[in-house]
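Subject: Structure handover

Hello,

Here is the structure I said I would pass on. My notes on the open spaces and the helix packing follow it.

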Amino acid sequence: MPSANLTRSIASSRTIGTGLIIGALAVTLAAILIPVSLFGESSVAQPRNGVTDDGGGTVSTQYGPLTATDRDFVRKVRLAGTWELPAGRLAQERDSRDAVKTAGEHLIEGHTELNRRAEEVGRALGIQLPSQPNAQQQGWLNEMTNAGSSAEFERVFANRLRAAHGKVFNLVAQVRAESRNSMVRSLATRANAIVLDHITVLEDTGLVDFDAL
């Protein structure tokens, strides 16, 4: 029979061996997890609210730091006007119901003002702004233009515009809360009020399909 000392020695060796295995597993697990925690969200820019990074970084201006998010916001304000203004005019030209015409009036007034403000900010901060709708926005305008009836036009008008305003509303709130550039904040403040107004009048048409938003 093995002596008591030998028995204790064997048990001790097994304990050490088990500890080494557990330790190795812990090191392996840490090696897997560390890149996720240190080099995942913290080191890679994760765009929020559809923000497009133009690669220009943050630059100093007399109105405060100007970030890529700030610039993208100003461009998106102007881009919205390139198709939402024409959409508002279509609502006036088509044989639309009063609620749809009212929404069109608000779109025209709101985006005429936002276009002016965005262009002033663009000139002051050296941001090149778009002057034409992108392919997707042009497609939405084409849907409205080619609508075969007043009812079809009104449905497309209300739902396309409500969906677009809902998406940009999050970006407006983010920029207003985070931007350290006074001109951009001022634009975001006004855009917040106008976008909310547009969301309201579009919903007032009674045509918005909330399940599809």
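The largest pocket holds about 500 Å³ of space. Please keep in mind that this is a predicted model. Of the 19 residues that line the largest pocket, Gln 136, Gln 137, Trp 140, Ala 164 and Lys 167 are the closest to its centre. Three helices, H2, H4 and H5 (150–178), each supply at least two residues of this lining. H5 gives the most, with 8 residues. Sorted by class, the lining of the largest pocket has 8 nonpolar, 7 polar and 4 charged residues.

A search for empty space relies on a simple idea: rolling a probe the size of a water molecule over the atoms shows where empty space is left. Searching the whole structure turns up 1 cavity of 30 Å³ or more. The volume of the largest cavity is about 80 Å³. Its lining consists of Lys 76, Val 77, Ala 80, Glu 84, His 111, Leu 114, His 165, Val 168, Val 172, Ala 191 and Val 195. H2, H3, H5 and H6 each supply at least two residues of the lining of the largest cavity. Which helix provides the largest share of that lining? H2 does, with 4 residues. By class, the cavity lining has 7 nonpolar, 2 polar and 2 charged residues.

Next, the helix pairs. Two packed helices are described by the angle between their axes and the distance between the axes.

I start with H2 and H4. Helix H2 covers residues 68–93 and helix H4 covers residues 135–145; they pack at an angle of about 5°, with their axes 10 Å apart. Angles under 35 degrees count as roughly parallel, so H2 is roughly parallel to H4. On the H2 side, the contact uses Leu 79, Thr 82, Trp 83, Pro 86, Ala 87 and Leu 90. These meet Gln 137, Trp 140, Leu 141, Met 144 and Thr 145 in H4. By class, the contact of H2 with H4 has 8 nonpolar and 3 polar residues, and no charged ones. Two of the H4 residues in this contact, Gln 137 and Trp 140, are also among the residues closest to the centre of the largest pocket.

H2 also packs against H5. The axes of H2 and H5 come within 11 Å and cross at roughly 160°. Are the two helices roughly parallel or roughly antiparallel? Angles over 145 degrees count as roughly antiparallel, and H2 and H5 are therefore roughly antiparallel to each other. Their crossing is left-handed. From H2, the residues in contact include Phe 73, Lys 76, Trp 83 and Glu 84. From H5, they include Phe 157, Ala 164, His 165 and Val 172. The contact of H2 with H5 has 12 nonpolar, 4 polar and 4 charged residues. Lys 76, Glu 84, His 165 and Val 172 belong to this contact and also line the largest cavity.

The last pair is H3 and H6. The axes of helix H3 (residues 98–125) and helix H6 (residues 182–203) come within 10 Å and cross at roughly 165°. That makes H3 roughly antiparallel to H6. The crossing of H3 and H6 is left-handed. The residues of this contact divide into 14 nonpolar, 5 polar and 5 charged.

Regards

Notes. Residues are numbered from 1 along each chain as its sequence is written. This is a predicted model: local features need pLDDT of at least 70, side-chain atom pairs count only at pLDDT 80 or more; totals for chains, interfaces and linings use all residues. Side-chain values use heavy atoms; hydrogens and water are left out. Axes are lines fitted to C-alpha atoms, for helices over the stretch in contact, and angles run from 0 to 180 degrees between N-to-C directions. Angles under 35 degrees count as roughly parallel, over 145 as roughly antiparallel, 65 to 115 as roughly perpendicular and the rest as oblique. Contact means heavy atoms within 4.5 Å. Ala, Val, Leu, Ile, Met, Phe, Trp, Tyr, Cys and Pro count as nonpolar, Asp, Glu, Lys and Arg as charged, and the others, Gly among them, as polar. On a 1 Å grid over the protein atoms alone, a cavity is a set of points where a 1.4 Å probe fits but cannot get out, and a pocket is an open set with protein on both sides within 12 Å along at least five of seven lines; lining residues have an atom within 4 Å of a point. Grid points are joined across faces, edges and corners, and a volume is the space filled by probe spheres set on the points. A crossing is left-handed if the near helix is turned anticlockwise from the far one by less than a right angle, and right-handed if clockwise.
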